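Me: Could you walk me through a helix and a few strands here, one step at a time?

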Amino acid sequence: MEKSTNNRDVKRSNRIDTLRAILEAGRVSQPALAARLGHSGPTVLQNVRELMALGLVEEAGEFESTGGRKARAFAPVRTARAAAGLEITRAHVGAVVIDLSGALLHHERLSVPFEMTDAYFRRLGEIARGLPQRAGVPAERMLGVGVSLPGAVDATETVLISSHVLGLRNVATENFTRYVPGPCSFINDANAAGLAEARGRADLDSSVYLSLSNSVGGAIFTGGRLYMGGRLRAGEFGHNTLVPDGRPCYCGKRGCLDAYCNAELLSGLTGGNLAAFFEGVRAGDERLTAAWREYLEHLAVAVNNLYMTFDCPVVAGGYVGSYLEEFGGGLRELLAQRNTFEPDASYLKFCRYKVGASAVGAALLRVEDFLLSL
Ligand SMILES: [Zn+2]
């Protein structure tokens with residue numbers, strides 16, 4: 001009895017791994033899939049057949065091979081299911097719909113200031129209910145809604161333990177989804193964004209995510225898993241002390257990294273518009289360029305500290321992170337100079353989601369739940 005249960009578990013987990021591999025690879029041949037998974041050809045074929053019967057994988061022609069038979073190709077049916085994500089911030093609600101591979105099908109950012117009222121929660125419900133249609137996804141394909149919250153969420157996802165940004169303590173997470181249809185999941189915003197960035201990237205199995213938005217936070221991944229810390233506060237890099245007794249931080253202390261690297265320090269110079277700030281830097285505005293240089297000098301200290309502590313890739317994301325691809329050259333130089341071991345900063349990675357990363361990461365929880373249910 002026990003043995004047959006184990007066999008069944010192994011079969012299930014092989015099938016889930018097969019789907020993950022096809023989702024990551026896109027179009028892939030049967031032999032390539034077998035090599036990737038370390039499964040035999042017949043095992044791969046059996047799993048693929050089952051996934052095809054579920055409508056999650058499809059035949060995708062053949063690959064030319066050097067001599068012998070052509071190899072059959074398979075591809076994921078990425079939109080067989082979809083998941084929604086909501087990102088709650090102080091002044092906005094971000095909303096996304098993603099497919100099974102995590103690709104963004106729809107993104108919107110609405111000016112909806114948080115308030116602890118029934119009207120606010122009704123508004124969240126309205127937004128969520130309209131998402132499938134706005135994303136062009138039939139409602140019956142939706143896997144539910146993941147919600148990203150700016151604060152610590154307990155391990156059972158039932159309590160928002162504290163949120164400085166929203167001014168909340170020990171609030172039941174189900175408040176947020178009172179009017180939201182379908183199953184829901186909850187996650188801290190920086191953890192969610194880190195999850196979105198690390199998904200499907202073996203090089204980021206152990207990595208650190210640094211979120212540079214209107215507040216600074218982060219997430220730590222080890223062996224492909226989120227490291228949560230003893231009291232679920234791991235990755236609060238924003239409150240590492242950067243300058244002893246330095247600028248006041250919103251947390252009440254002085255000299256925190258947040259007070260030197262939050263996005264509002266930059267957007268505040270251009271009327272709250274971060275895009276306008278970077279347009280100014282691009283145009284060579286001296287005042288803005290000087291501010292950017294100063295920002296990068298502080299950021300370089302913080303990123304180097306993370307690298308020296310964790311010895312792994314550091315992914316820079318958040319509002320400012322999405323501009324680093326174009327404007328981050330100076331940061332790499334500063335990091336290479338600071339690096340104790342070699343004059344190199346290739347460990348620094350720029351985020352791939354330019355918008356909505358936290359909402360995407362929250363939606364991924366619903367996708368993960370679905371995969372584990374197969
Ligand atoms: Zn602080």
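Predicted model: local features only at pLDDT ≥ 70, side-chain atom pairs only at ≥ 80, totals over all residues.

Me: How many residues of α13 are buried?

Reply: Helices (H or I, at least four residues) and strands (E, at least two) are DSSP runs, numbered from the N terminus. Buried means under 20% relative accessible area, with a 1.4 Å probe and protein chains only. By that cut-off α13 is mostly covered, and of its 17 residues the buried ones number 13.

Me: How far apart are the end C-alpha atoms of helix α13?

Reply: The expected span is 1.5 Å times one less than the number of residues. Helix α13 covers residues 357–373, so its 17 residues should span 24 Å. The model agrees, as the end C-alpha atoms are apart by 24 Å.

Me: Is strand β13 enclosed or open, and why?

Reply: Strand β13 takes in residues 216–222. Six of its seven residues are buried, so the rest of the structure leaves β13 largely enclosed.

Me: Which residue stands opposite R225 in β14?

Reply: Two strands pair if DSSP finds at least two bridges between them. β13 and β14 run antiparallel, joined by three bridges. Their hairpin has two residues between the strands, and G223 there takes a positive phi near 55°. Opposite R225 stands T222.

How values were computed. Residues numbered from 1 in each chain as written. Heavy atoms only, no water. Buried < 20%, exposed > 50% of the residue type's maximum accessible area, 1.4 Å probe, protein only.
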